[in-house]
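Trainee: Could you go through this model with me? I would like to start with a single residue and then move on to the packing.

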Amino acid sequence: MDQMRIGKFIAESRKALGRTQRQLAVTLDISDKTVSKWECGKGLPEVSLMLPLCRTLGISVNEMLSGERLDEESYKERAEENMMDLIKENAENKKRMALSVICGTITVIAVCSLITIASYLQLPVIVRILLIILAFATAVAGIGAAAVLEVKAGYYECPGCGELFVPSIGEYVKGYHTFTKRRLTCPRCGKRGMCRHRVVR
Ligand SMILES: [Zn+2]
């Protein structure tokens with residue numbers, strides 16, 4: 001799915017009705033930042049907003065996901081392509097999430113082995129120090145890679161308003177977290193809360 005194209009089409013459809021981003025945001029009870037994000041191609045509307053958005057703009061969800069008006073002939077073909085794209089996107093997110101878990105596990109094993117070797121084997125001090133530095137570097141690289149994979153795998157759900165969003169890496173790393181939740185600021189309602197991680201929309 002071409003987010004830039006979808007965003008441009010949303011903007012065109014909105015302007016054709018003579019409405020501002022702010023007016024559209026008020027109708028949908030979302031922030032104008034969210035509308036601007038879609039129109040810049042930086043994210044798709046969450047599924048629960050797709051229908052109200054398209055109704056407001058007088059287009060179909062299929063047309064929005066295609067990024068253009070469709071005639072009867074191309075309508076069915078594009079609907080099938082768009083459906084497959086949505087399924088593929090979810091599958092890719094699941095794959096990234098699994099990779100993130102594997103990456104985290106390998107990191108933990110590697111770091112523990114290095115520290116064990118450095119602690120228990122008879123080694124010159126310089127080798128011990130090098131092994132500990134290597135363990136530290138492995139930990140930083142591994143956790144970083146796992147975090148990048150996880151933050152890209154799916155969305156976080158605001159407990160207040162239900163908005164699905166992808167946090168910035170900075171906010172993601174800083175946020176206090178449990179295994180499935182993370183403290184983040186919602187871009188829609190601005191509340192800070194424990195947001196549940198969802199791999200699929
Ligand atoms: Zn919220």
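**A loop residue, a helix pair and the domains**

Mentor: Asp 29 is exposed, because it has 10 other C-beta atoms within 10 Å, where 12 or fewer count as exposed, 20 or more as buried and anything in between as partly exposed, with C-beta atoms placed from the backbone. Bear in mind that this is a predicted model, in which local features need pLDDT of at least 70, side-chain atom pairs count only at pLDDT 80 or more, and totals for chains, interfaces and linings use all residues. Residues are numbered from 1 along each chain as its sequence is written.

Trainee: Where is Asp 29 found?

Mentor: Asp 29 sits in the loop between α2 (21–28) and α3 (32–39), with helices taken as DSSP runs of H or I of at least four residues, numbered from the N terminus.

Trainee: And what about the phi of Asp 29?

Mentor: Asp 29 is not a glycine, and yet its phi is positive, at about 60 degrees. Most residues other than glycine have a negative phi.

Trainee: Switching to packing, at what angle do α2 and α4 pack?

Mentor: The angle between α2 and helix α4 (residues 47–57) is about 130 degrees, and their axes are 10 Å apart; the axes are lines fitted to C-alpha atoms over the stretch in contact, and angles run from 0 to 180 degrees between N-to-C directions. The two helices, α2 and α4, are therefore oblique to each other, since angles under 35 degrees count as roughly parallel, over 145 as roughly antiparallel, 65 to 115 as roughly perpendicular and the rest as oblique.

Trainee: Which residues make the contact?

Mentor: On the α2 side they are Leu 24, Thr 27 and Leu 28, and on the α4 side Leu 49, Pro 52, Leu 53 and Thr 56, with contact meaning that C-beta atoms, placed from the backbone, lie within 7 Å. In the contact of α2 with α4, 5 residues are nonpolar, 2 are polar and none is charged; Ala, Val, Leu, Ile, Met, Phe, Trp, Tyr, Cys and Pro count as nonpolar, Asp, Glu, Lys and Arg as charged, and the others, Gly among them, as polar.

Trainee: How is the chain divided into domains?

Mentor: There is domain 1 (3–70), domain 2 (75–152) and domain 3 (155–198), with bounds from an automatic or database domain assignment. The C-alpha centres of domain 1 and domain 3 are 23 Å apart.

Trainee: Last one: is Met 84 buried or exposed?

Mentor: Met 84, which lies in helix α6, counts as exposed because it has 10 C-beta neighbours inside 10 Å.

Methods:
Two residues are in contact if their C-beta atoms, placed from the backbone, lie within 7 Å.
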